[in-house]
Amino acid sequence: MKTDTIAAIATAMTNSGIGIVRISGEEAFSVIDKIYRSKNGKKKLSQEESHTVHYGYICDGEKIIDEVMVVIMRAPRSYTTEDTIEIDCHGGTLVMKRILETVIKYGARPAEPGEFTKRAFLNGRIDLSQAESVIDVINAKNDFALESSISQLQGKVKEKIKEIRGKVIHEIAFIESALDDPEHFSIDGYGEKLSKIIEGISKEIEILLASSENGELLKEGINTVIIGKPNAGKSSLMNVLLGRERAIVTDIAGTTRDALEEQINLNGITLNIVDTAGIRDTEDIVEKIGVDKAKEYLKSANLIIYVVDSSTELDQNDEEIISMLSDKKAIILLNKSDLSQVTSQEVVEKVLEENNMEKPVILISAKEQTGIDKLENTIKEMFFQGELSFNDEIYITNVRQKAALQSAMKSFQLVQQSIENEMPEDFYSIDLMSAYEELGSIIGEAVGEDLVNEIFSKFCMGK
Amino acid sequence: MPCIEENYDVVVVGAGHAGCEAALACARLGLETIVFTVSVESIALMPCNPNIGGSSKGHLVREIDALGGEMGKNIDKTFIQSKMLNVSKGPAVHSLRAQADKAEYSRAMRMTMENTEHLTIRQAEVCKLIVEDGVIKGVKTFSGATYYSKAVVLCTGTYLKARCLYGEVINYTGPNGLQPANHLTDSLKENGVEMFRFKTGTPARIDKRSIDFSKMQEQKGDERVVPFSFTTNPEDVQIEQESCWLTYTNLKTHEIIKNNLDRSPIYAGIIEGTGPRYCPSIEDKVVKFADKERHQVFIEPEGKYTNEMYIGGMSSSLPEDVQYEMYRTVPGLEHAKIVKNAYAIEYDCINPRQLNPTLEFKKIKGLFSGGQFNGSSGYEEAASQGLVAGINAAMSVLGKEPLVLDRSESYIGVLIDDLVTKENKEPYRMMTSRAEYRLLLRQDNADLRLSKKGYAIGLISQERYDWVVEKERLIQEEVERVEHVNIGANAKTQKVLEEHGSTPLKNGTTLAELIRRPELNYEDLAEIDPQRPQLAYDVVEQVNIHIKYDGYIKRQMKQVKEFKKLENKKLPEHFDYEQVKSLRIEAKQKLNLYQPVSVGQASRISGVSPADISVLLVYLEQMHHQKKDK
C-alpha cells in the first residue's frame with residue numbers, strides 16, 4: 001500500500017561472500033545520490049541509464065563506509081516494478097548493517113518482512129499462482145520477525161522503553177485531560193515543565209541509541225539451546241564450554257546484564273546460549289516442564305545441542321525430541337563416553353534414519369573433557385559452510401529498532417520546537433503521540449486505548 | 001380484537017436527542033415519518049446535565065448543524081449562558097458549551113417537530129419489531145397496533161428495562177420517573193441482537209433558595225457569545241446570561257461517603273451495569289482518587305423559570321439520608337433542600353459491533369439505531385448518531401447512497417467508527433484525543449467540511465451551500481495573497497511590531513511569516529497590509545488558522561492521505577474470512593465477527609495485526625485478478 005521507499009539486506013547474514021542491500025521506491029534514486037560517490041566524485045546515479053552497474057563508494061557525509069558495486073533499475077523494469085537500487089558490498093555482517101543504516105539515515109525506511117515480495121505482487125509483477133506462497137512468506141516472516149524483534153530485545157532495554165513510554169503517555173494524558181476538562185485542570189505554563197521532562201527522556205534515548213550502535217540492544221549471535229534429559233550432563237557441558245572459552249559478559253551502557261543468557265565465543269563465532277532455569281539449573285527439563293516447553297525452546301533456536309546420556313537407554317522422550325529436530329540445525333552429543341556405553345552412536349543414527357534425518361552425532365565426555373574439540377569444529381564448519389547463520393533477521397531488526405528510536409527522538413525534538421515557538425499546548429500531544437507510537441513499535445505494543453485508559457485512571461474527570 | 005394498522009416510510013422509536021434528529025431528517029427529506037415516545041412531554045428531554053456542547057461535544061453540535069441537523073439551532077434559541085472553552089489553546093480544541101434552559105430546550109424542539117411536515121408524533125410504547133427474512137417490516141406497540149414501514153430507527157436511550165437506584169431504593173422507571181420500555185429488549189433478543197447492560201448516574205437537584213451563593217465563586221458566560229449554528233445571526237445570541245457557581249467538596253464530605261460505601265448499590269453489588277469512567281459518581285472519585293482533598297462542584301441552573309440547581313460533579317447512588325448529609329458538607333450547601341435525589345440508572349443497550357458504519361444492523365436490513373441505545377453517552381453523541389441513522393434510513397428508503405463519514409473528516413466519523421469497530425465496554429463519550437486528525441476537524445470549519453454532504457443529502461439549502469462554496473474560494477484566495485505580500489523592514493512595520501510586543505524585522509519578509517509569529521495574527525497586521533480586501537469574520541478566522549498552523553496542518557493532511565488509501569480498499573460484504581488461510585486464527589474470528597467494510601476499518605480491530613492486513617491486501621488483489629481473468 002505504502003509507496004514510501006524501503007530498504008533491506010537481501011542476502012543471508014553469514015560472515016562470508018558478498019552482501020546486497022536493496023532499496024525500492026520513489027525515493028530510491030534520491031537516497032543513493034546522497035550516499036554514493038564515484039571514483040572521480042562526479043557521477044550521479046539518478047542521471048545514469050537503467051540496468052547498469054557502477055563502481056564506487058558508499059559514504060555517510062565525508063566518511064567512506066565501503067567500496068561497492070551499485071546496480072540501478074528503473075521502474076517498472078525491476079522485481080518490485082519500482083525504482084530499485086542494489087548495493088553489492090563486501091560481505092560481513094557489520095558492513096552490510098552499516099550500509100543499510102546509512103541508506104535509512106538518508107530517507108529509506110526498513111522494509112517489513114516480505115515487503116519486497118508483497119510490493120512485487122501488488123504491483124502485478126508476480127503471477128497469480130504464486131500469490132498463496134507470497135502470503136505464506138509474509139506471514140512466516142512476520143511471525144518470525146515479531147518473535148525475534150521482541151524476544152531478542154534485551155530485557156533491560158525493554159523495561160527502559162516501557163518506562164519511557166509510561167512517562168510519555170502520562171504527559172499526554174495530562175494535556176488531554178486539561179483540554180477535555182479545562183475547568184478541572186490548568187496547563188498554563190506547562191511547556192516549561194514538559195521541556196525539562198523531554199530533555200531527560202531524550203538523554204535516555206541517546207543512551208539506547210548508543211547501545212544500538214554496538215548492537216547491544218539485541219542478543220546477537222547464534223541462538224543455541226542445550227537440551228536433554230535429567231542427568232544427561234547439560235550443566236557439565238555448559239561449564240566445560242564456559243570454562244574453556246572466554247565467557248562474554250555483556251554490559252549495556254546504562255543497564256545491567258540480562259540474566260537469561262550466556263554468550264560463548266568459539267573462535268569468533270558467538271553462540272548465544274539461551275539459558276533458562278529449566279536448562280541449566282535444574283537437570284530435568286523434559287520431565288519438569290514437559291515436551292511442550294521443549295518444543296518452544298526449539299522453535300526459537302538456530303542451533304540445538306541435544307545431549308544424550310550414553311550410559312542409559314534411549315527412551316520415548318528422547319525419540320520424541322529427536323523427531324522434532326528434523327528441520328533444525330542440530331548436533332547430537334553422546335555424553336559420558338567415559339562410562340560403559342549402553343546407547344551407541346549406531347543406535348542414535350538408526351533413530352535418525354528412521355526419522356529421515358542426518359545430524360552430526362558426536363561422542364564426548366564432559367567430565368573428561370574429551371570430544372569437545374570435535375563439537376567446536378563441527379559448529380565452526382556448519383557456520384562457515386553457511387549452514388548456520390546468524391539469526392537472519394536480527395540485524396534488520398536492530399536497524400529497524402534503531403530507526404524507530406531515531407524517529408521517536410525526532411518527534412521529541414518537534415515537541416521542543418513547538419514549546420520554543422510558544423505553540424498552544426494541544427500541539428505538544430501530536431508529536432508526543434508519534435513518539436509514543438514509535439517506541440511502542442520497538443517492543444511490539446500498539447497504542448490502542450492506552451491514552452483513554454491513562455486519562456481515566458490518573459486524572460479525575462467528569463461531572 | 002380489531003387493531004390499528006398504519007403505513008409509514010420510516011418509524012423512529014424514541015424522541016430524545018437521537019430520535020428527534022432522526023425523525024426530523026427523514027421528514028425533511030419528504031418521507032412519511034412517525035416518531036414514538038413513551039411521553040410527549042419528554043421530547044428532547046435533558047435528564048442529566050443542563051448543557052449542550054463542551055470539549056469535543058461542541059464539535060459534534062457544529063457538525064450536526066453543518067449536515068442539516070437541529071441541535072445547534074435549538075440550543076441557540078434556548079441557552080442561558082455560553083462559553084467558548086480552551087480559547088487560550090489551539091483552534092482545534094476550542095469548544096462551545098452552553099447552559100440550556102432545559103424546559104425551553106424541550107419545548108422548542110417539540111414545537112419544531114410538531115411543525116414539520118410529514119412528521120407524526122405518537123405517544124406509545126413500541127414493544128415488538130416485525131422482521132421477515134432479515135428485513136425490517138415495521139413495529140408493534142403495547143396496545144397491539146401495527147405500524148408498517150420501510151425502515152425503523154431505534155433511539156430508545158436509557159429506557160430499555162430501565163431501573164433507577166439510590167441506596168436500597170429501586171424504582172423500575174426510566175430517567176426522571178418516566179415510564180420505561182420493558183418489552184423491546186426481548187424482541188431484539190429474539191431477532192438475535194446481542195445486548196449489553198450499562199449504567200450511568202445523575203446528581204441531585206437542589207432548591208436555589210436553600211443555597212448560599214456568597215460562599216461560592218461565580219462563573220459567568222462569555223461577553224461575546226458565539227452561536228452554535230452556522231445559520232444563527234450572531235447578534236441574536238447576545239442575551240443577558242445566567243451564572244453558574246463553583247464550590248468544592250472537602251475531607252468531611254469524603255469521610256461521610258467512605259463511611260457509607262456499603263450502602264451504595266454499586267459497592268453492594270446490586271448494580272450489574274457498567275458505568276462510564278469519565279463521569280464517575282462522587283463515591284468513585286473519593287475511592288479512586290483517595291489522595292485528592294477536594295473535588296470541584298459546579299452549581300448550574302436548570303432553567304430560567306425553575307429554582308432547581310444541578311449539582312455538577314456529585315452524581316451519586318448513595319441513600320437519601322447520606323445524600324443530604326454529604327451535600328450539606330459542601331460550602332454554600334449547608335442548608336440545601338433536595339428537590340430531586342441523585343440516582344444511578346441501569347438500562348439495556350446493544351453491542352454496537354452489530355452495526356455497519358451506516359448505523360444499520362448488519363443482520364437486519366432496514367433497521368437502524370442511534371444514541372445511548374448504541375452504547376454511547378451524552379446528548380451530543382446521541383444527536384450525532386440519530387442524525388446519521390435517520391439520514392441513512394431515508395437513503396435506504398430512497399434507494400440512494402448512504403452517508404458514511406470517516407475519521408479524517410469529522411468527529412461524528414470518529415464516534416461511529418469507534419462504536420462499531422472497537423470493543424466498547426462502557427458508555428462511550430467523545431473526546432478530542434480520540435480524533436487523530438483533530439487539527440483538521442475543528443469546530444470552526446465544520447461547515448467547510450460537511451455542508452456539501454448535507455446539501456447532497458438534501459438537508460442543507462442552496463443558499464447555505466452557495467455560501468460555503470464562496471467562503472472556500474475567499475479563504476483560498478486570501479491565503480494565497482497573504483503568502484505573497486512582501487513586508488519591508490520600514491519604520492511603519494517596526495512600529496506595528498513593537499506595538500504587539502514582537503521583535504523588529506532585520507530584513508524584509510512576507511505577511512504570512514509575520515502572522516506565524518506566536519504573538520501576532522492576521523488582524524493585528526491590517527495596518528501594514530493596505531491591499532487587504534474586506535472579508536467576513538469567519539473567512540478571516542480561517543485565513544488566520546491556515547497560515548498560522550500551516551506546517552502542522554500539512555503534516556496531518558499527509559497522514560490523512562495515507563489513511564484514506566486503506567479506507568478506500570473495500571472488503572466484500574458477508575465474507576467468510578475462514579477462506580483466507582494465512583490469516584491468524586484470532587484475526588479470522590474477529591474479522592468474521594465484525595465484518596469490516598474496508599481494510600482500514602479492519603486494521604483498527606483489536607486482534608488484527610499488520611501482518612494480517614498485508615495478507616488481506618494480497619488476498620484482495622488476488623480476488624481482483626481472478627475477477628479480471630474471468
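## Briefing: chains A and B, interface and local features

P76(A) lies in the loop between β5 (63–73) and β6 (84–90) of chain A. Helices (H or I, at least four residues) and strands (E, at least two) are DSSP runs, numbered from the N terminus. This is a predicted model, in which local features need pLDDT of at least 70, side-chain atom pairs count only at pLDDT 80 or more, and totals for chains, interfaces and linings use all residues. Residues are numbered from 1 along each chain as its sequence is written, chains are lettered from A and ligands numbered from 1 in the order in which they are written, and side-chain values use heavy atoms, with hydrogens and water left out.

**Domains of chain B**

- The assignment for chain B gives domain 1 (5–199 + 347–457), domain 2 (205–345), domain 3 (472–560) and domain 4 (569–629). Such bounds come from an automatic or database domain assignment.
- The centres of domain 3 of chain B and domain 4 of chain B, taken over C-alpha atoms, are 47 Å apart.

**Interface of chain B and chain A**

- Chain B brings 63 residues to the contact and chain A brings 50 residues. Contact means heavy atoms within 4.5 Å.
- The two chains, B and A, bury about 4,800 Å² between them, with 57% of it on carbon and sulfur atoms. Buried area is the accessible area (1.4 Å probe) that two parts lose on being put together, summed over both.
- On the chain B side, K89(B), Y552(B) and V618(B) lose the most area to chain A, together 13% of what that side buries.
- The rule finds 5 salt bridges across the interface of chain B and chain A. A salt bridge is a side-chain nitrogen of Lys or Arg within 4 Å of a carboxyl oxygen of Asp or Glu.
- R438(B) pairs with E176(A) in a salt bridge, and their closest N and O atoms are 2.7 Å apart.
- Several elements of chain B each supply at least two residues to the side that touches chain A, among them β4 (79–85), α7 (282–288), α16 (550–567) and α19 (610–629).
- The most comes from α19(B), with 11 residues.
- By class, this side of chain B has 23 nonpolar, 19 polar and 21 charged residues. Ala, Val, Leu, Ile, Met, Phe, Trp, Tyr, Cys and Pro count as nonpolar, Asp, Glu, Lys and Arg as charged, and the others, Gly among them, as polar.

**Backbone features**

- The peptide bond from A75(A) to P76(A) is cis, with omega near -5°.
- S56(B) is not a glycine, yet has a positive phi of about 70°. S56(B) sits in the loop between β3 (51–53) and α2 (57–66) of chain B.
- S56(B) counts as buried, because its relative accessibility is 0%. Buried means under 20% relative accessible area, exposed over 50%, partly exposed in between (1.4 Å probe, protein chains only).
- H574(B), also not a glycine, has a positive phi of about 45°. H574(B) sits in the loop between α16 and α17 (585–594) of chain B.
- H574(B) is exposed, with a relative accessible area of 63%.

- E478(B) belongs to helix α12 (residues 462–484) of chain B. At 3% relative accessibility, E478(B) is buried.
- Beyond its neighbours within four places in sequence, E478(B) contacts Y522(B), R532(B), P533(B), L535(B) and V543(B).
- G134(B) is in the loop between β7 (126–132) and β8 (135–141) of chain B. G134(B) is partly exposed, with a relative accessible area of 26%.
- G134(B) touches K363(B), I364(B) and K365(B), not counting residues up to four places away in sequence.
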